[in-house]
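Okay, thanks for coming, everyone. Let me put the structure up, and then we'll walk through some of its packing.

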Amino acid sequence: MPKRGRRGLGHSPDALDVPTATTAAIALPRSSDVARSDGDASRDLFARLLGSPDLARIVPHLPPESLHQIIRQAGLEACGELMAAARPEQLAAVLDLDVWNSVQPGSDDRLDVDRFGDWLDVLVETGEDVAARTVAAMDPNLVIAGLARFVRVFDVATVAPTVETDDELVGPEARSRENTERAVGGYLLRAIGTEIPDAIVTLLLALDADHQECFQELMRGCRSLSNSAPEVDGLDNILTIPEQQMHDVALARERRQSRQGYSTPAHARAFLQMARQRRPSIDSSTSINPIVSAYLQDSDPTVSAEHDSVVPASRPSAAPLAIGGMPEPRDSVVDMFVDAVRAQGPRGLLEGSSARETRLTHIRPLMEYVRDNDDAAYYARGRELAFLANTLAAGCSVQSRAFTPQEASDAAIATCNLGLEQWAAHWLEAERREARSPDAALTLPSAFLVDHDLVTAFELGWAVLHEQVCMFAAEQLTVALKDLRSVDVEIQQGLRALRKALVTHRATGMPWKARGAIDAIALLDLPAWTSLLGLIDECPVIPAALTAVVEHQVGAVSATAFEFIATTSQIGIVRQFMALLPETLRR
């Protein structure tokens, strides 16, 4: 009869006690500890930057991604001076990153109207001129979509009273009218909520005074949305004008992001699904995935913007401009901060930790060779890795949450290493047989990545992860549950529901959709539960708890620590764990 485990698992315990027959206590490293130390260093750097007297000279040289990272860590309200120092096109690019989010990892991004309102508040508090310059540099359709969620706009003449009267509103009714209606530049604003935000009125007045063309474009756009009303006849099923506006805004933002090297969630999901189902040929003549080709073309800095139908308003200029249009000079102080902030991004493949180096035995030497011998190939492989990392970040999840930038980079590299290992095992098998040397090492030539791409290697590795880890673990768990019985009615019902969910979702090739039902395993064995959640996932990983069980380790193990699968030997550890699972659940 299975034992009854601890309840109350919704609190996400930080550590699991792994029972074992051995007596040595082993303290496992926690990935969260590493992330915490890196985060502390970043916060210290950003705090020094925000307090630096050279802030106004440093900020114009920082990429939007770095500014976004600073704002996220320091808080929007604490970054007023940073916004005042940034160029309008920089802030417009940061807005593209900050005011969009997804309901769940891998889903399409949606405009966060509340966050948009927070930005308007902070921009106006920073300065009316700063707010007006920034908004004037943004995609007008995005601004219209944001404003239209707070106010409706009409021509003053269309809502003027038709009968003249000398009566004048006084008292609470007059104050209510002031809060819900305001006239600005010949237009009447009406609040959608209880009142018109002061920041919107201040911003529009500043635009009316100094950016008349932008003001008129925004007002006409908002007026069009305010006047739209579909005919209720049931004879059509088309988007309303506001819905079409939001669709167009999201599409324009996707195009801007593509030009800057980001993957769209839809394209990312499609590529990863194709990679799971596809068995790519490992012949050198294999053509690259069309989604990858489109990404590389869109993000190619050598392609002129005039060939693109949409020129991104947030695309930074070649050189930061100071007041007067002259390039802002850089000195040693500026260089120091700029280089330090840029270094806060994901570590590069050749600058990884020693813990990863021991597993990346295939990709590391091959990348080192192209780095030292072929600049063009090294640049191409770097762009492919960037695509893969961005694709994982945009269209996939790890442990039911979004990837961090560093995790996406590490996962892409690990999967490529696994794919290269598969490539070596299959592609060189014939050569080994011809040489009649069965003991010959299966290693790829040093110059392999000069003529072969990493996308195919990733596809090979991703297919192996899906079939030999995710699908395999789901199948073995289904088999183990078939004969598993418990005298506890609640546990037995949970196990039955889990097996049914696994059968259903495994048939569709997406067993990770049964992750919610895996909680039934937690009542039997916490380390097994944590391990299964890591294996049956969109991006399978090896949790620290799984390694502890297989290697009979003792001590507290982090419930969140894991490592990405980069070698076939790690898949062997997965198989060992799944072989132990039936007996583990019956103890």
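Is S409 buried or exposed? With a relative accessibility of 14%, S409 counts as buried; for the cut-offs, buried means under 20% relative accessible area, exposed over 50%, and partly exposed in between, with a 1.4 Å probe and protein chains only.

Quick housekeeping. This is a predicted model, so local features need pLDDT of at least 70 and side-chain atom pairs count only at pLDDT 80 or more, while totals for chains, interfaces and linings use all residues. Residues are numbered from 1 along each chain as its sequence is written, and side-chain values use heavy atoms, with hydrogens and water left out.

Back to S409, then. You'll find S409 in helix 19, residues 405-427; helices here are DSSP runs of H or I with at least four residues, strands are runs of E with at least two, and both are numbered from the N terminus.

At 15% relative accessibility, E407 is counted as buried. Setting aside neighbours within four places in sequence, E407 contacts V398, R401, A402, F562 and F564, where contact means heavy atoms within 4.5 Å.

Now the loop between helix 18 (375-395) and helix 19, which is where S400 lies. S400 isn't a glycine, yet its phi is positive, about 60 degrees. S400 counts as partly exposed because its relative accessibility is 48%.

H552 does something along those lines: a positive phi near 55 degrees, in a residue other than glycine. H552 is in the loop between helix 26 (544-550) and strand 8 (555-558), and it is partly exposed, at 46% relative accessible area.

On to the rings. How many aromatic pairs does a search of the whole structure find? Seven, where Phe, Tyr and Trp rings (six-membered ring for Trp) pair if their centres lie within 6.5 Å, and planes under 30 degrees apart count as stacked, over 60 as edge-to-face and the rest as tilted. F271 and F458 make a stacked pair, at 6.1 Å centre to centre and 25 degrees between the planes. F271 is in helix 13 (residues 265-277) and F458 in helix 22, 187 residues apart, so the pair links distant parts of the chain. Both F271 and F458 are buried.

F403 and F564 are stacked as well, at 6.4 Å and 15 degrees. F403 is in the loop between helix 18 and helix 19, and F564 is in strand 9 (residues 562-564), so this pair ties together parts 161 residues apart in sequence. F403 is buried at 8% relative accessible area, and F564 is buried at 9%.

Last stop, the nonpolar core, meaning buried Ala, Val, Leu, Ile, Met, Phe, Trp, Tyr and Cys residues joined through side-chain atoms within 4.5 Å. The largest one has 85 residues, and L392, L420, I521 and F577 touch the most other members. Which helix gives the most to this core? That's helix 22 (residues 454-482), with 14 residues. Apart from that core lies another, of 65 residues, including L55 and V99.
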